[in-house]
Amino acid sequence: MEKTAFTATFTGMMSAFLIWAAHFAAVYGINGLICAREWDGVELYGHPVAVVLILGATAIALLLAAGVLAAALWGAAPGRRTSEDPRRFIRLFTALAAAGSLVAILWNGLPALQVPACG
Amino acid sequence: MTPPLDDAALPNRLPRPKEELEALKRAWKPTSGLGLLKEVNNNIIGVMYIGTALLFFVISGTLALVMRAQLAVPENDVLGHSLYNQFFTVHGTGMMFLFAVPIVEAIGVFLLPSMLAARDLPFPRLSAFAFWAYLFGGLAFFCSLIFEVAPDGGWFMYPPLTSMKFSPGINADFWLLGIGFIEISAIAGAIEIIVGILRTRPPGMTLDKIPVYCWSMLVMAGMIVFAFPAVIIATALLEIERAFDWPFFIAERGGDPLLWQHLFWFFGHPEVYIIFLPAAGLVSMMVPALAQRPLIGHDWVVVALVGTGFFSFGLWVHHMFATGIPPLSLSFFSAASMAVSVPAGIQVFAWIATLGKGRLQWTVATWFLLGFLFIFVAGGLTGVMVAVIPFDWQAHDSYFVVAHLHYVLIGGMVFPVFAGLYHWWPTLKGTMLSERLGRWAFWMMFIGFNVAFFPMHVSGLMGMPRRVYTYPGDLGWNALNMVSTVGAFVMAFGVLLVLIDMARDAFGRGRPAPENPWKAGTLEWIPNDDYATRSIPHVRSLYPLWDNPNLSREVQEGAHYLPGAPTRRRETIVTSPIEARPQYLMPMPGPHWSHFLAGLFTAAHFICLAVQLYWVSLVPGVLAIASVFWWVWSLDRGADHPPQDVGGGWRVPVYLQGSENHSWWGTAVLLLVDGTAFACLCFTYVFLWTVSPDVWPAGTDALPGLGWLFGEAALWVVAAGAMLLASRAVAGNRSWAMRGALLVGLLLMLAAAVAEPYNRIGSGLVASESAYGAIVYMLASWQVFHVVILVLMTGLALARSFAGRLHARRRVTFDNVMLVWLYTCGQGVVSLLLVHLFPRLAV
Ligand code: HEM
Ligand SMILES: [Cu+2]
């Protein structure tokens, strides 16, 4: 029984970092593809396609990470099936990781507003 | 007279019967003389491992001194141009791959079990194998210098400089094969460390009570799992390009040298943290001991460690700022590079706060720690400087970078490791190194280091490029270089003093140490023997020795878990990963020749490949496989004993099947490595398409028909089904049904693996013609390789079945084969979907 609890708990603890990683891969992949295919002239909703897609991905990642943070703070965090001892730590870990990832995702996404996509 | 211990609350009642300790001693008695080669005990392997890493440090350092001598004055001729290139390549490679990563793993092999109060790591033979492979491979690598066939393309080996056209000799092959295979030893160590930390903790050491060092090692091992496959794939691709002319990196045929840089730095940047995080973990253990108070912000430090592990994967392109990557892409990496300094900063604050609040003991370790803080912070600041893209364009490939990298690496890992050497030396055999010599050594290393490397910032800004073997005398760099060289020799003298100090101790001149000389709070300070601690303590806090002053005595008298060897052999307790509850008693393999021979023959095989003795290499190759068979044959013993009492009311089985078994965990981690390698190949496919879509087939005419896709995919799926049937047959003890299903499944997999290259050859695709052909055949070969491995593994399972060692209640070997098998089938399908559908869908 603890095996499933472990996989779920551990993934839960890492989820915010994993969201960061997915976001990072997504924005780098999107931009790389757009520049390699020379699609940087294309517009979406009146803005360069790279900016729209990257900001969209950033918004989604921020929402997800905020969800993890809220879950950790309101007690729906992973580790519910474990005893009180490690649970406090698991919640704190998840919350701190989510807060850190939130900032990192924002910090990574912001350059899209300023820097030209392909130059 | 010390009062008797209160035994009511203790896991085992005192006093213990006398035979118990004797049985324990007998089971763990080390072999002597030549038997040392057979030994697997982590205390012994760990020491040999650390010693070898230090030896390789000295060799690589000596090369650096010769280089510094060459650069001391302009237009010098100690080393010629080509030899200088070999020297800096072997120095950089040696330091990064043969010293830095191995020594942090070696310290882990030595220290982790005692910090976790486990009798040994979970796969003792695997760490012994990793050690021997590393020793033989490393020695061969350095020997290439003697014959002047050492690699000369820098430790990062950028093509096209290292491709056949520009490096026709065997120099580059030495790097690719030598280092590629030492990576395998690093991965073996990582698997060991992950499973060890998650599963062999002492009862009561729940997730929140794991020492920081163990967290840092867990993060490091996890990073190895996800970073090293990238460099293994990169080296494999380059070696295949060199041997068979498959153009992965050759631009004229659709390849791209930048592909190498992506794969290499996807490993290479995390590598820096793979080296630094364990060192930071050591610091987080020494600081509380030296300050005599708990680490301030422990939970934050743990999150910071894990966060650094993740974030550092988002940095690889910062080594490629000058390669013409689009500006927005660069800024993601610039942002991530700055973000990663935040968790490092959290740790630095935690250390300083703890040191400031505590009552500091002034030991040699304290000095080295202060030196580390100073140098590392300085290196971090120059790191933030080069993360600024315009500054990087200015400083790129100048001595400024050489200065930065040595500040970070030497400050960030050499100083903490030397601090650790002095700090944990007493746990080795109860003696202490000399405080006086140590202090001298510290000051010479510290001053020498700064004198050597600080001027390089200046010479770099004055325009001195890196990797030059000499320079004209009228550029104003002469004095700076002379000072650097003098500093390097002063530092080397400091290192020499440490070696002398260790030699003195080895010859019996060390001072006997009191028990727990620095009054530390963690488990490794409980007196140890070959069998680790007498009993395995029940843990209730982060600093158990501070919270229970009696703990050490209780443990030594056998009042805690597993005070003897109930099944008369080497064993340790496996606990659950979150709450550390005892689950079963893991039998540990004892001394044996097999893993030693396996290491020796594996090294011999790769060396033969490097010097292009392809046919000869088959001999050690086959012998290595045979040794591995011999090695694993005696494992998986089944429940050969009834459940045993380990104390505290825990009666645990001696065997557990299924996903709780430690070897199942080891296999699962190995498959993560495998999956990452496969992901790198898929990345290669898509990356080569983005840079040269012109070599991809334009219409569907040049592609094999979709029938091939469906047919081959069906074969993989049915093969997976055959395995599931075989698994059912094992559960029902229907041996012949199982054997039949396995054979049918193997044949189906062979057919699937061969069909793919076969239909490609039929459609006229040639691997050496374009990067497209090369990667398509590479993905197909990857599947063939897996099927070959499965033939061996299934052969083992069948042999065990015929020998009566595989049945419903003893099926761990089978389950591990099943994991690899099912993974391979899944990978086969994904691979097919990619190569058949992508060219049809891509615009
Ligand atoms: C013992 C003190 C050391 C000295 C005097 C030293 C000196 C040098 C010198 C002179 C170079 C060549 C620079 C060039 O020509 O561009 C170099 C390169 C390098 N060193 Fe060290 N080093 C020392 C220790 C270390 C350590 C401990 C590490 C790593 C853990 C290390 C890693 C490297 C790397 C990665 C390179 C780059 C090689 C390349 O460009 O391919 N060094 N070092
Ligand atoms: Cu880097």
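A salt bridge is a side-chain nitrogen of Lys or Arg within 4 Å of a carboxyl oxygen of Asp or Glu. By that rule, R16(B), E20(B) and R534(B) are linked in a network of salt bridges. The legends below describe close-up views of a predicted model.

**View 1. The shell of residues around ligand 1.** There are 23 residues around ligand 1, and those that come nearest are Y84(B), H91(B), W155(B), H406(B) and R467(B). By class, the shell divides into 16 nonpolar, four polar and three charged residues. Three helices of chain B each supply at least two residues of this shell: α2 (42-71), α3 (81-115) and α13 (399-424). The largest share is that of α13(B), with seven residues.

**View 2. Polar atoms next to ligand 1.** Which atom of ligand 1 lies 2.8 Å from a polar side-chain atom of H91(B)? It is a nitrogen atom of the ligand. W155(B) takes part through its backbone: one of its backbone N or O atoms lies 2.9 Å from an oxygen atom of ligand 1. For Y399(B), an N or O atom in the side chain is 3.3 Å from an oxygen atom of ligand 1.

**View 3. The contact between chain A and chain B.** The contact takes 43 residues from chain A and 43 residues from chain B. About 3,800 Å² of area is buried between the two chains, and carbon and sulfur atoms give 77% of it. Between the chains, two residue pairs are in polar contact. On the side of chain A that touches chain B, the elements that give two or more residues are α1 (2-36) and α3 (84-109) of chain A. Of the elements on this side, α1(A) gives the most, with 18 residues. The residues of this side of chain A divide into 31 nonpolar, seven polar and five charged.

**View 4. A salt bridge across the interface.** Side chains of opposite charge can pair when their charged atoms come close. How many salt bridges does the rule find across the interface of chain A and chain B? It finds one. The partners are D299(B) and R88(A), and their closest N and O atoms are 3.6 Å apart.

**View 5. T58(A) within chain A.** T58(A) lies in helix α2 of chain A, which covers residues 49-73. Is T58(A) buried or exposed? Its relative accessibility is 5%, so T58(A) counts as buried. The side chain of T58(A) reaches the backbone oxygen of I54(A) at 2.7 Å. Leaving aside neighbours within four places in sequence, T58(A) is in contact with H23(A), V27(A), I105(A) and G109(A).

**View 6. The salt bridge of R570(B) and E39(B).** Over all chains, the structure holds 19 salt bridges. In one of them, R570(B) pairs with E39(B), the closest N and O atoms being 3.5 Å apart. R570(B) is in the loop between α18 (551-557) and β3 (571-575) of chain B, while E39(B) is in the loop between α1 (18-28) and α2 of that chain, so the pair ties together parts that are 531 residues apart in sequence. Both R570(B) and E39(B) are buried.

**View 7. The salt bridge of R569(B) and D640(B).** The closest N and O atoms of R569(B) and D640(B) are 2.9 Å apart in this salt bridge. R569(B) lies in the loop between α18 and β3 of chain B, and D640(B) in the loop between α20 (618-633) and β5 (644-647) of chain B; the pair therefore ties together parts that are 71 residues apart in sequence. R569(B) is buried, with a relative accessible area of 14%. D640(B) has a relative accessible area of 35% and is partly exposed.

**View 8. The salt bridge of R253(B) and D245(B).** The side chains of R253(B) and D245(B) meet at 3.0 Å, N to O.

**View 9. G154(B) in a loop of chain B.** G154(B) is found in the loop between α4 (124-146) and α5 (171-199) of chain B. Its relative accessible area is 0%, so G154(B) is buried. Not counting residues up to four places away in sequence, G154(B) touches F88(B), T89(B) and W175(B). From C-alpha to C-alpha, G154(B) and G309(B) are 26 Å apart in space, and the two are 155 residues apart in sequence.

Key: Residues numbered from 1 in each chain as written. Chains lettered and ligands numbered in written order. Predicted model: local features only at pLDDT ≥ 70, side-chain atom pairs only at ≥ 80, totals over all residues. Heavy atoms only, no water. Near = heavy atom within 4 Å. Polar contact = N/O pair within 3.5 Å; in protein donor to acceptor, adjacent residues only side chain to side chain. Helix = DSSP H or I, 4+ residues; strand = E, 2+ residues; numbered from the N terminus. Nonpolar A, V, L, I, M, F, W, Y, C, P; charged D, E, K, R; others polar. Contact = heavy atoms within 4.5 Å. Buried area = accessible area lost by both parts, 1.4 Å probe. Buried < 20%, exposed > 50% of the residue type's maximum accessible area, 1.4 Å probe, protein only.
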